[in-house]
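Let's take a friendly walk through this protein, from its overall build down to single side chains. Keep the sequence and the 3D view open as you read.

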Amino acid sequence: MSQNGQDLGAAIVCTLPMPVGTTFEWHEHDDHQLAWSPEGVLVVETHLGTYVLPPTRALWIPAGVAHETRASGAAVLRSVYLRPTKARTGWDTPTPVTVTPLLRELIDHLEQELPPAERSRAEGLLFDLLEPVPAATIDVRMPVDPRARDVAEGLLADPADPRTLHAWGHDVGASSRTLARAFLADTGLSFGRWRTLVRLQASLRHLAEGAPVSIVAGRVGYGTPSAFVAAFRAQTGITPGRYFQLQ
């Protein structure tokens, strides 16, 4: 965290464009990272959960925590790297935080070259502004059985696919009973419950992009918005309309 041999203090900001399909595969950092996209939606996967981040949210990723970062559509990754030895604020696990207008401007400010005293004041304010926001993650474990995995990959590609397990079995060469046992053994969930989580996880990207609940419901396979809202509330405890409005 230095440039031309000069100490840059506790924080440094890096900006990387993320065209459609960009993925930074599993890695970790020696520094804490605040991952944020001012344009587009980020999806950060960790071993503790998957986080979907619109421009109003960033994710605190503690030093040493393995993660994968990808763009949902096109995005811009603006990372704030924070020295563990100098960070006044921090959490031991990945933690979503609210990106207020002031925090947004402060990150832009810290990306510039600043006199040491001014940088120190700005960094202190940055730590003061990091406010955690409640977020329920929706995690999907993949089955190991190759035939069940073919079904899983098909549903990940198209969560709205209405095929029954019997119909899937015809396509992958296995009975519905065999597939049902494989899903339960490999994921700990029934096929129906597993598919529900896939649909809800897919809905987060659309919600983060601002799509109306009525449109999102159809995109992820629900016949009515009310059925989607009920499933979403049962999993997260809140309605999909409020999920990205919590401050």
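**Ground rules**

This is a predicted model, in which local features need pLDDT of at least 70 and side-chain atom pairs count only at pLDDT 80 or more, while totals for chains, interfaces and linings use all residues. Residues are numbered from 1 along each chain as its sequence is written, and side-chain values use heavy atoms, with hydrogens and water left out.

**Overall layout**

The protein holds nine helices and nine strands. Both kinds of element are DSSP runs numbered from the N terminus, with helices being H or I over at least four residues and strands being E over at least two. Taken along the principal axes, the C-alpha atoms fill a box of roughly 70 × 35 × 30 Å.

Of the 247 residues, 46% are buried. Buried stands for under 20% relative accessible area, exposed for over 50%, and partly exposed for anything in between, using a 1.4 Å probe and protein chains only.

How do contacts relate to the sequence? Taking pairs at least 6 apart in sequence, 72% of the contacts join residues at least 24 apart. A contact here means heavy atoms within 4.5 Å.

**Two helix pairs**

Start with helix α6 (residues 191-208) and helix α8 (residues 225-236), which pack at an angle of about 100° with their axes 10 Å apart. That angle makes α6 roughly perpendicular to α8. Axes are lines fitted to C-alpha atoms, for helices over the stretch in contact, and angles run from 0 to 180 degrees between N-to-C directions. Angles under 35 degrees count as roughly parallel, over 145 as roughly antiparallel, 65 to 115 as roughly perpendicular, and the rest as oblique.

On the α6 side, the residues that take part are R193, L197, L200, S203, L204 and L207, and they meet F228, A231, F232 and Q235 of α8. By type, the residues of this α6 and α8 contact are seven nonpolar, two polar and one charged. In this sorting, Ala, Val, Leu, Ile, Met, Phe, Trp, Tyr, Cys and Pro are nonpolar, Asp, Glu, Lys and Arg are charged, and the others, Gly among them, are polar.

Now look at helix α4 (residues 165-172) and helix α5 (residues 176-187), whose axes come within 8 Å and cross at roughly 100°. Here too the label follows from the angle: α4 is roughly perpendicular to α5. From α4, the contact draws on L165, H166, W168, G169 and V172, and from α5 on S176, L179 and A180. The residues in the contact of α4 with α5 comprise five nonpolar, three polar and no charged.

**Salt bridges**

How many salt bridges are there? The count comes to nine, where a salt bridge is a side-chain nitrogen of Lys or Arg within 4 Å of a carboxyl oxygen of Asp or Glu. Three of them are set out here.

| Salt bridge | N to O distance |
|---|---|
| R147 and D145 | 3.5 Å |
| R149 and E153 | 3.6 Å |
| R163 and D171 | 2.4 Å |

Salt bridges that share partners also join E45, E68 and R70 into one network.

E153 and R149 sit four residues apart in helix α3 (residues 146-157), so about one helical turn separates them. E153 is partly exposed at 41%, and R149 is partly exposed at 33%. As for the R163 and D171 pair, R163 is partly exposed at 30% and D171 is partly exposed at 46%.

**Two single residues**

S72 lies in strand β8 (residues 67-82). Is S72 buried or exposed? At 12% relative accessibility, S72 is buried. Its side chain makes a polar contact of 3.3 Å with that of E209. A polar contact is a pair of N or O atoms within 3.5 Å; within protein, one must be able to donate a hydrogen and the other to accept it, and residues adjacent in sequence count only if both atoms are side-chain atoms. Leaving aside neighbours within four places in sequence, S72 touches V41, V43, R205 and E209.

P240 belongs to helix α9 (residues 240-243) and is buried, with a relative accessible area of 3%. Setting aside neighbours within four places in sequence, P240 is in contact with L207, V213, F228, V229 and F232.
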